[in-house]
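Please examine the sequence and the structure shown below. The paragraphs that follow lead through a selection of helices, their packing and a few individual residues.

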Amino acid sequence: MPETAFKAGALATDLLVEARESIETLLGGWAEHLQHEIGGPEGPALAYALRTPGKRVRAALLLGAYRSVGGRSPGIAGVAAAVETVHTYSLVHDDLPCMDDDDLRRGRPTAHRAFDVPTATRVGFLLVPVAARLLAVAARELDLPATALGRMAAELFQAGGIEGMVGGQWLDLEAEGRTLTLPELIAVHRGKTGALIRAACVLGGIAGQADAAALKALTAFGDDIGLAFQIADDVLDATGTSEELGKPAGRDAELAKSTYVAVLGIEGARAEAYRLAQSAVAHLHRSGVGSDSLGALAGYIVNRTS
Ligand code: GRG
């Protein structure tokens, strides 16, 4: 499907730039503060992890979802930063020698290469309560009722746990060297990557006080676009360069991982990612959640080169 089918381009770029700027300013401030609060070797290592520049796709999706239901406060950046911090913890741990054993992330040495394995391991764990604090502070800033904070926390940490990211990663590690069926692969991808992306969309909706129908549409959008994101990641791992990706390319083949590319081939995997992106946008249209920005981000997610 051509990129233009999603009104991609400027709208997605604008939201990604805004997300990147607001998240990095906010997390930079927290990094400065936490570095001193924590001290020891973990302080600078935690600041290093918080300051690594990511694409901030989850933050952009969250901002898009928030605005699609009428949210307007700049305080939403704190909620997006909480999601990005859970994501950062997962990257720090994913890169460890006991997991994917990578040296490069976001174009910089991985946390355990810049520091050491015990420090990076502790930093990963330390980032989880930082995410909880960010969320609580943001909910206060947004003047949200306690029930909204409770729902956001439940959604975020359930997505980060055994029913989502941890569970998916677990299955992924167990499956190394084994060929997964497509349903098994979908469970891995929806868990390790999709769950947090879906949570970003849902948290945006909750923070914007979406009604039940809009929240259902954002959840379905997040489900489809989360899976599409990981399929696009599989394609990029097979087709991109390490310079483009900011991490070593071709690791899935080296680690004998089951991926969409292994199961469907590059073109088959691309087609499935596009199909899911279209389906994601259709959920929004059907429920009357108008968001050109979310549509544009869906296009970006399946057409990206990094
Ligand atoms: C204890 C089994 C166990 C797990 C711990 C480590 C972990 C939890 C989960 C790993 C989840 C993970 C890293 C999934 C891959 C997600 C993914 C596609 C990451 C890349 O996301 P991008 O491209 O990265 O958005 P940037 O750098 O742009 O933020």
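The buried residues of helix 3 are covered by elements that include helix 1, helix 4 (76-94), helix 9 (182-207), helix 10 (212-239) and helix 14. Helices here are DSSP runs of H or I with at least four residues, strands are runs of E with at least two, and both are numbered from the N terminus. Contact means heavy atoms within 4.5 Å, and a residue is buried under 20% relative accessible area, exposed over 50% and partly exposed in between, with a 1.4 Å probe and protein chains only. The model is a predicted one, in which local features need pLDDT of at least 70 and side-chain atom pairs count only at pLDDT 80 or more, while totals for chains, interfaces and linings use all residues. Residues are numbered from 1 along each chain as its sequence is written, and side-chain values use heavy atoms, with hydrogens and water left out.

Why is helix 3 largely enclosed by the rest of the structure? Eleven of its twelve residues are buried, so the rest of the structure largely encloses helix 3. The buried residues are V57, R58, A59, A60, L61, L62, L63, G64, A65, Y66 and S68. Helix 3 covers residues 57-68 and reaches 16 Å from its first C-alpha to its last, close to the 16 Å expected at 1.5 Å a residue; the expected span is 1.5 Å times one less than the number of residues.

R56 is found in the loop between helix 2 and helix 3, and its phi is positive, at about 65°, although R56 is not a glycine. Most residues other than glycine have a negative phi. R56 is also buried, with a relative accessible area of 2%. Just after helix 3, G70 takes a positive phi of about 100°.

Helix 14 is one of the elements that cover helix 3. It has twelve residues and reaches 16 Å from its first C-alpha to its last, close to the 16 Å expected at 1.5 Å a residue. Helix 14 is mostly covered, as nine of its twelve residues are buried: L294, G295, A296, L297, A298, G299, Y300, I301 and V302. These buried residues pack against helix 1, helix 3, helix 10 and helix 13 (260-287).

How do the partners of helix 14 lie relative to it? Helix 13 and helix 14 pack at an angle of about 170°, with their axes 9 Å apart. Axes are lines fitted to C-alpha atoms, for helices over the stretch in contact, and angles run from 0 to 180 degrees between N-to-C directions. Angles under 35 degrees count as roughly parallel, over 145 as roughly antiparallel, 65 to 115 as roughly perpendicular and the rest as oblique. Helix 13 and helix 14 are therefore roughly antiparallel to each other. A273, Y274, A277, V281 and L284 of helix 13 form the contact with L294, G295, A298, V302 and N303 of helix 14. Eight of the residues in this contact are nonpolar, two are polar and none is charged; Ala, Val, Leu, Ile, Met, Phe, Trp, Tyr, Cys and Pro count as nonpolar, Asp, Glu, Lys and Arg as charged, and the others, Gly among them, as polar.

Helix 1 (residues 10-38) meets helix 14 (residues 292-303) at another angle: their axes come within 8 Å and cross at roughly 95°. Helix 1 and helix 14 are therefore roughly perpendicular to each other. In this contact, L11, A12, L15 and L16 of helix 1 meet D292, S293, A296, L297 and Y300 of helix 14. Seven of these residues are nonpolar, one is polar and one is charged.

A further crossing involves helix 2 (residues 42-51) and helix 6 (residues 117-141), whose axes come within 9 Å and cross at roughly 65°. The two helices, helix 2 and helix 6, are therefore roughly perpendicular to each other. Helix 2 contributes E42, A45, L46, A49 and L50 to the contact, and helix 6 contributes T119, R122, V123, L126 and L127. By class, the contact of helix 2 with helix 6 has seven nonpolar, one polar and two charged residues.

Finally, R106 lies in the loop between strand 1 (104-105) and strand 2 (108-109). R106 has a positive phi of about 50° although it is not a glycine, and it counts as buried at 16% relative accessibility.
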